[in-house]
Amino acid sequence: MGFVPGIFTAVVAATAVAASAEPGHPSQKFGHCRSPPLPQWKTNGASTLGTLNHLPLPPFINGPKPGGSPFPWGGRTCENTNPYQSKDIPYTGMTRYYDWTVTNTTLAPDGVMTPALVVNGQFPGPLIEANWEDEIVVNVYNALVTEGTAIHWHGFLQSGTPWYDECPIAPEQTFAYKFRAELYDVNGLAGPIVVHGPKTHDYDIDIGPVMLSDWYHSYYLSLLEQIYHAAPTGPILPPMADNMLINDKPTTPDAGLASFKFKTGKRHLLRLINHSAEAIIFFSIYGYKLTVVSNDFVPLVPYQTDLITLSVGQRTEVIVQGGNDPHEAVWMRITEGLSGLGPPGNTGCGLNTGVAYETTASIYYEQADTTVDPVTTSSIDPGRSLFPNACGNNDLSTTVPAFVMPANDPEFVWYMNNVTYQGDLNDPLFLDAKLGKTDFKPTDQVINLGTAKAVRIVLTSVGFPASHPMHIHGHNFYVLAEGLGPWDGMTIINQANPQRRDVQRIRPNGYLVVQIDLENPGMWTFHCHVAWHASEGMNINILEQVPTIVNDLQVPATIAEGCREWWSWTNVNVVDQIDSGL
């Protein structure tokens with residue numbers, strides 16, 4: 001995944017005035033020389049993402065190359081290797097070590113200083129880089145003196161190590177996370193992870209992470225207090241996004257635009273990550289086709305489009321063919337679209353203030369003047385971001401995994417219920433299961449699947465018409481069907497090789513059918529990745545292969561020690577848990 005500092009939410013804090021010449025349309029300033037931006041250390045701390053100084057990534061990092069192969073993964077390719085079979089994937093024997101310190105600071109990503117949570121003084125956080133099947137060890141020191149923190153490694157299967165989503169790290173304590181890079185491609189939420197592996201399509205230059213997000217004018221605790229406030233007429237609306245960021249930079253002159261380098265005639269790999277709190281993001285590059293080569297951690301048969309849709313927590317890798325003019329400069333663009341509170345027929349898929357619901361970044365070729373903004377314009381129809389048709393992911397028939405895996409008939413079918421999850425930070429569910437507990441409180445939302453081999457889950461969005469990017473821990477699910485209205489109980493898209501990923505959006509008033517192979521013993525969370533919805537308890541926990549958990553999994557002593565440190569701290573400090581704890 002990337003990481004999420006803080007017990008309750010990803011980093012969504014900001015206090016800034018979003019600036020543009022016209023609401024939602026920053027293009028009136030295109031072609032003008034830039035205002036002198038704030039220095040990088042004021043806007044993003046020690047991070048170099050979004051600057052022309054950020055270097056492209058190598059095809060892999062140092063490590064053994066078996067059998068004299070030019071690659072650390074030998075002759076394995078996306079098409080000939082099942083990434084879910086441990087006997088088929090490489091074992092490098094390499095361990096990549098990282099040391100992180102989580103702190104409070106003040107930064108100004110879009111021009112105004114605000115409190116924020118950061119790792120090693122960086123926003124976005126530091127890049128983790130590994131080769132396929134390296135071990136990654138991250139030592140995390142919690143320098144927050146009044147709250148715990150926890151890191152979730154979004155998208156990694158964590159096979160054999162399902163205990164790292166348990167107790168928070170107590171203030172002024174250190175905890176070591178250890179997991180294998182079982183899958184490859186890009187990952188990340190509040191910070192990027194790149195795992196190098198076989199290519200599905202050739203490219204020349206790895207541009208690296210392109211982190212995309214919404215941005216708010218309040219600190220995250222204030223946002224959580226807002227979503228939990230209830231009036232006599234019902235709850236108030238969730239927070240409205242005030243800005244959009246590319247590599248945590250907006251279209252705000254004094255904060256500086258994000259910028260990228262392209263080379264004429266070269267193929268460029270962009271690793272797109274939506275680390276928003278709520279926004280569905282639509283990504284494009286003016287006048288360019290995008291070749292999609294992976295979704296989440298799943299390599300795809302390449303296909304072309306001019307617009308990428310990303311829900312919260314989703315990652316997509318695209319290859320962009322460079323033009324032939326070395327003096328050219330073009331715009332990269334993201335938009336959330338119009339607010340979901342707009343008038344009928346002119347309504348978007350998310351909630352925003354309507355002031356700056358899109359932003360741009362500049363792309364410069366070798367001899368372009370980097371002091372002047374591009375002048376290109378978009379040909380994307382704004383109607384392609386309107387409710388309800390745009391509120392799903394790309395057509396499932398176009399997203400075909402490179403390695404063929406049919407979805408078998410399920411053993412068990414169930415429907416999402418009406419219980420709200422409420423986590424107890426002092427009572428970790430996995431450790432209860434390890435002790436043999438199978439009877440849980442209704443608010444624990446534990447679904448015990450025993451020794452079943454697969455589960456098919458049918459989700460139907462009811463009530464308030466909102467999109468829900470559903471994320472599973474510890475697995476990639478098969479996406480069997482999705483659409484508006486109810487599922488007919490029969491239709492499955494490409495059962496012989498359905499789309500696989502770990503985040504998939506269910507449309508407003510729509511349905512989503514996913515299937516999970518139950519081959520990773522543990523207690524795994526399945527939740528909506530909109531920050532407000534996760535905080536409000538939109539979550540279930542899948543208990544998988546109980547006999548193996550109890551009898552075979554050996555929990556490291558460091559896990560219990562970390563929990564004891566947290567329990568000791570909470571014995572003398574009151575935890576201000578105002579949400580579900582997820």
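The legends below describe close-up views of a predicted model.

**View 1. Strand S7 and its surroundings.** All five of the five residues of strand S7 (residues 192-196) are buried, so the strand is largely enclosed by the rest of the structure. Cover is found on both faces, with Pro192, Val194 and His196 buried on one side and Ile193 and Val195 buried on the other.

**View 2. The strands that pair with S7.** Strand S3 (residues 128-131) pairs with S7 in the parallel sense over four bridges, and within this pairing Glu129 stands opposite Val194. Strand S6 (residues 185-188) is also joined to S7 by four bridges, but these two strands run antiparallel, with Asp185 having Val195 as its bridge partner.

**View 3. The disulfide of Cys167 and Cys563.** The sulfur atoms of Cys167 and Cys563 lie 2.1 Å apart and form a disulfide, and because the torsion about the S-S bond is about 100°, this disulfide is right-handed. Cys167 lies in the loop between strand S4 (135-142) and strand S5 (174-180), while Cys563 belongs to helix H6 (residues 557-572), so the pair ties together parts that are 396 residues apart in sequence. Cys167 is buried at a relative accessible area of 13%, and Cys563 is buried at 1%.

**View 4. The disulfide of Cys349 and Cys391.** Cys349 and Cys391 form a disulfide with their sulfur atoms 2.1 Å apart, and the link is left-handed, with -90° about the S-S bond. Cys349 sits in the loop between strand S19 (329-335) and strand S20 (358-364), and Cys391 in the loop between S20 and strand S21 (413-415), 42 residues apart. Both Cys349 and Cys391 are buried.

**View 5. Cys528.** The sulfur of Cys528 is 13 Å from the closest cysteine sulfur, that of Cys391, which is too far for a bond. Cys528 counts as buried, at 0% relative accessibility.

Key. Residues are numbered from 1 along each chain as its sequence is written. This is a predicted model: local features need pLDDT of at least 70, side-chain atom pairs count only at pLDDT 80 or more; totals for chains, interfaces and linings use all residues. Side-chain values use heavy atoms; hydrogens and water are left out. Buried means under 20% relative accessible area, exposed over 50%, partly exposed in between (1.4 Å probe, protein chains only). Two strands pair if DSSP finds at least two bridges between them. A disulfide is a pair of cysteine sulfur atoms within 2.5 Å.
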